[in-house]
Structure formats: structure tokens, C-alpha cells
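I keep this notebook to record what I look up in a structure, in the order in which I look it up.

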Amino acid sequence: TAARSYDIAAVPGDGIGVDVTAEAVKVLDAAASRHGFTLRWTEFDYSCERYARTGAMMPDDGVETLSGFDAILLGAVGFPGVPDHVSLWGLLIPLRRAFSQYVNLRPVRLLPGTTSVLAGRRADELEMVIVRENCEGEYSTLGGRHNQGQPGEFVLQEAVFTRVGVERILRYAFELARTRSRRVCSATKSNGIVHTMPFWDEIFELVSADYPDVEAEQCHIDALVARMVQHPDRLDVIVASNLFGDILSDLAAAITGGLGMAPSGNINPERTHPSMFEAVHGSAPDIAGRGIANPVAQILAGAMMLDQLGEAEAARSVETAVEQVLAEGRVATPDLGGKATTEQLGSAIAAAV
Ligand code: NAI
Ligand code: MG
């Protein structure tokens with residue numbers, strides 16, 4: 001049989017995205033060589049730095065170029081001087097939409113050697129996954145600013161919820177729940193948002209009827225954030241719209257090991273386009289260029305990528321290596337209370353693989 005190999009696009013992006021992606025590549029290559037396959041990397045400089053140079057985050061044919069890859073590993077985008085809506089709408093959002101990566105999957109758990117900011121919580125009480133809708137919802141360009149500078153100035157921002165879009169993300173969450181705790185909690189706000197959220201709830205009811213074996217629950221977003229802090233043990237699969245899922249996943253990361261530990265996948269479940277993997281965190285300009293960012297989130301995002309490529313054993317090796325190195329605690333970046341550099345922690349994990 002021919003040796004297995006995969007074509008991967010690496011887009012390190014800006015700030016610490018560059019440092020953590022280099023470590024993820026190192027660890028994933030170690031896993032590939034141990035498990036008998038090859039990752040063929042091609043690096044792209046799509047970033048704010050490129051925007052400053054050329055006026056665009058990526059070239060006109062960027063989407064087309066990336067479409068030929070088996071998967072994309074993305075660092076982070078965003079840097080002072082380039083407005084965040086430019087970096088987001090010039091790269092991340094177009095890729096997520098062009099490749100129909102409608103699931104943003106954000107698993108969080110408390111890793112060994114780390115403690116939660118929630119006093120007394122054990123690892124088995126802090127294990128959940130946010131299933132965030134990734135292609136529509138509140139992140140929309142529909143709307144406008146009118147009467148600019150006038151006393152009657154107003155802005156309108158429209159949210160877009162399609163039947164197809166809502167149904168497929170809810171179904172994904174129920175299918176995922178069948179592989180985990182068989183519990184789904186849907187984030188809603190149908191008491192305040194009177195068109196989109198009741199529609200979301202209605203489709204949730206319809207879909208849940210197809211999954212009588214899964215416990216389905218709805219919770220208003222404000223109550224849900226409180227519950228995530230007070231009773232995280234009662235949550236497992238949480239399904240949410242684009243905006244709600246974005247906020248919930250930073251909170252979920254914060255109550256587990258922090259942003260340096262939380263991976264994510266932008267998944268095209270039908271596999272007709274490449275999926276894209278990235279840490280939940282951003283480019284962290286406050287620590288960029290100092291070589292002290294925690295690479296674990298990006299390394300775990302790489303493990304999610306291996307899973308998606310069908311290399312589950314290699315993915316487990318990466319996760320086990322991360323757990324082992326964190327449990328030993330000898331090599332830890334400053335956010336974990338240590339003095340190690342990004343490179344030292346990445347190398348320790350690669351060696352453990
Ligand atoms: P951020 O996630 O970059 O940083 C928040 C805080 O967490 C900072 O204090 C940072 O030092 C710390 N932090 C984040 N990752 C860390 C790591 N791996 N190790 C140690 N500490 C870490 O969020 P912020 O500051 O709101 O955004 C900075 C830039 O990143 C903005 O331009 C924003 O638009 C962009 N961004 C990009 C994302 C992406 O590419 N998907 C996601 C979130 C933000
Ligand atoms: Mg976010």
C-alpha cells in the first residue's frame with residue numbers, strides 16, 4: 001500500500017499565531033513519523049502584515065488556492081493598526097463561509113497539571129464542547145449606518161438565520177451528543193430577541209424529536225453563562241448561534257486551563273471542502289514577539305486536524321503527549337506558572353510523542 005500523505009496549508013497569520021503554529025507543525029510531524037504518514041506543508045503569509053503591504057489579507061485567488069488542500073492549520077489574525085473587522089472579514093470569515101465550515105467545534109476540559117479558576121472543581125466536572133454555528137447568524141454584513149453625524153443618526157445590524165443553517169448545526173450537536181453524554185443544551189434568548197431566537201427554538205424542538213435518546217434542554221444565554229460558572233458539571237454539549245457560541249467558548253476556556261489551552265475546529269462535515277483548525281485565542285499583541293505564548297491550544301487544534309484526516313491514533317498520541325508534559329509540570333510557559341518558552345514547551349511535547 002502507498003504511504004499515506006496529506007497536503008496541509010499552514011497560515012500562521014499574526015503575532016503569537018506564528019510562534020504557536022511553528023510548534024504545532026513540529027509536534028504533528030513527530031506524530032506523523034511515529035504513525036507512518038507524511039504531512040506535506042505549504043505555508044501562506046495571509047496576515048495583517050500582508051494587508052499592510054498589499055492592501056489585502058489574502059490574494060484574490062486565496063480561497064481557490066486553499067481549496068486544494070486536505071486541511072488548513074491557521075494561527076491567528078489581528079494586529080494593532082489593522083482594524084479587527086478588516087482582519088476578520090478579510091480572511092477568517094470568508095474562508096469559513098467559502099468552505100462551508102458551518103460547525104465551529106470547541107472542546108474544553110481541564111488538563112492535568114492545571115487548576116480551574118473555579119475553586120474546587122475537578123477535571124471530570126469540567127468537560128464540555130461548544131458547537132458554534134459558524135456561517136451565518138449575528139455575524140452579518142446586512143444593515144447600515146444612516147444620517148451619519150446628524151442628531152437622527154442610527155445604525156441597523158441584521159442577523160441571518162436560515163432553516164437549512166439552523167437545522168444542520170442542531171443536528172450536528174445531537175449526533176455529537178450520541179458519542180458523549182447524550183445531553184444537549186441549546187443557548188437561546190427568545191424572551192428578548194423575538195424573531196431569530198424563537199425560530200432557532202422551534203427548529204431545536206423539531207430536531208430533538210428525532211433524537212429521543214438524547215436529553216434536550218434550552219437555556220437563555222444569560223442564565224447559561226451563570227450556570228457555566230456555578231454548575232459546569234451539568235453541561236456537556238452546548239449548541240449556540242455564532243455570537244453566543246463565540247462568547248461561551250471564551251468563558252469555557254477561561255474556566256478550564258485558560259485561552260492558551262483551548263483548541264477549535266472549523267469543520268465542513270460533508271468533507272467537500274477543507275476544514276480549518278486553530279486555537280480559540282487571538283494573536284495576543286501584548287505578548288507577541290517574546291516567545292512565551294503557550295502552544296498547547298494550537299497543538300491540540302492540530303490533534304483535532306489529525307482526527308478529521310482519519311488519523312485518530314496519531315491524534316491520541318498528541319493529546320497523550322500534551323497531558324504527560326503538563327502533568328510532569330517541568331516545562332511550563334508563564335501562563336501556566338512556569339518560565340519555559342513557546343519553543344521549549346513545543347519541543348518537550350514533540351519529544352513525548
Ligand atoms: P487574545 O486571545 O489574542 O488575547 C487575550 C489574552 O489572553 C491576552 O492577555 C493574551 O496575552 C492571552 N493569551 C492568548 N493566547 C495565549 C497563549 N497562547 N498563551 C498565553 N497567553 C495567551 O485576544 P485579544 O487580545 O482580544 O485579541 C488580540 C487580537 O487577536 C485582535 O486583533 C483580535 O481581533 C484577534 N483575534 C483573532 C482570533 C482568530 O484569529 N481566530 C480570535 C480572537 C482574537
Ligand atoms: Mg472568540
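**Entry 1. Kind of model**

I noted before anything else that this is a predicted model.

**Entry 2. Domains**

I looked up how the protein chain is divided. The assignment gives domain 1 (1-108 + 258-353) and domain 2 (115-256). I took the centres of domain 1 and domain 2 over C-alpha atoms and found 24 Å between them.

I then asked how many residues of domain 1 are in contact with domain 2. There are 19, and they meet 20 residues of domain 2. On the side of domain 1 that touches domain 2, α4 (84-98) and β4 each supply at least two residues. β4 gives the most to that side, with six residues.

**Entry 3. The sheet**

I traced the strands next. There is an open sheet of 10 strands with mixed pairing, and I wrote down its order as β2-β1-β3-β12-β11-β4-β5-β10-β8-β9. Which strands are the edge strands? They are β2 (37-43) and β9 (215-220), each of which pairs on one side only. On average, neighbouring strands of this sheet are turned by 25° against each other, direction ignored.

I checked burial along β3 (residues 71-76). Six of its six residues are buried, so β3 is largely enclosed by the rest of the structure.

I looked at both partners. Strand β1 (residues 4-13) pairs with β3 in the parallel sense, over five bridges. Within that pairing, Val-11 has Leu-74 in β3 as its bridge partner. Strand β12 (residues 275-279) also runs parallel to β3 and is joined to it by three bridges. Here I found Leu-73 opposite Phe-277 in β12.

I repeated the check on β5. Six of the seven residues of β5 are buried, so this strand too is largely enclosed by the rest of the structure.

β4 and β5 pair in the antiparallel sense over seven bridges, and Arg-109 stands opposite Glu-127 in β5. β5 and β10 run parallel and are joined by four bridges. In that pair I noted Arg-132 opposite Ala-240 in β10.

**Entry 4. Strands β8 and β9**

I followed the sheet to its edge strand β9. Strand β8 (residues 183-188) pairs with β9 over six bridges, in the parallel sense. Val-184 is the residue I found opposite Ala-216 in β9. Helix α6 (residues 196-209) packs on the sheet and touches β8 and β9. The direction of α6 makes about 165° with that of β8.

**Entry 5. Helix α5**

I compared its length with expectation. The 16 residues of α5 should span 22 Å at 1.5 Å a residue, and the end C-alpha atoms are 23 Å apart, which agrees. I listed its buried residues as Val-166, Ile-169, Leu-170, Tyr-172, Ala-173, Phe-174 and Ala-177. What covers them includes β4, β5, β8, α6 and β10.

**Entry 6. Helices α10 and α11**

I turned to α10 (residues 312-328). This helix has 17 residues and reaches 24 Å from its first C-alpha to its last, close to the 24 Å expected at 1.5 Å a residue. Its buried residues include Ser-317, Val-318, Glu-319 and Val-322. The buried residues of α10 pack against α1 (16-35), α9 (296-308) and α11 (342-352). Gly-329 follows α10, and its phi is positive, near 75°.

In α11, I found Thr-342, Leu-345, Gly-346, Ala-348, Ile-349 and Ala-350 buried. The buried residues of α11 pack against α1, α9 and α10.

Notes
Residues are numbered from 1 along each chain as its sequence is written. Chains are lettered from A and ligands numbered from 1 in the order in which they are written. This is a predicted model: local features need pLDDT of at least 70, side-chain atom pairs count only at pLDDT 80 or more; totals for chains, interfaces and linings use all residues. Two strands pair if DSSP finds at least two bridges between them. Axes are lines fitted to C-alpha atoms, for helices over the stretch in contact, and angles run from 0 to 180 degrees between N-to-C directions. Two residues are in contact if their C-beta atoms, placed from the backbone, lie within 7 Å. The expected span of a helix is 1.5 Å times one less than its number of residues. A residue is buried if 20 or more other C-beta atoms lie within 10 Å of its own, exposed if 12 or fewer, and partly exposed in between; C-beta atoms are placed from the backbone. Domain bounds come from an automatic or database domain assignment.
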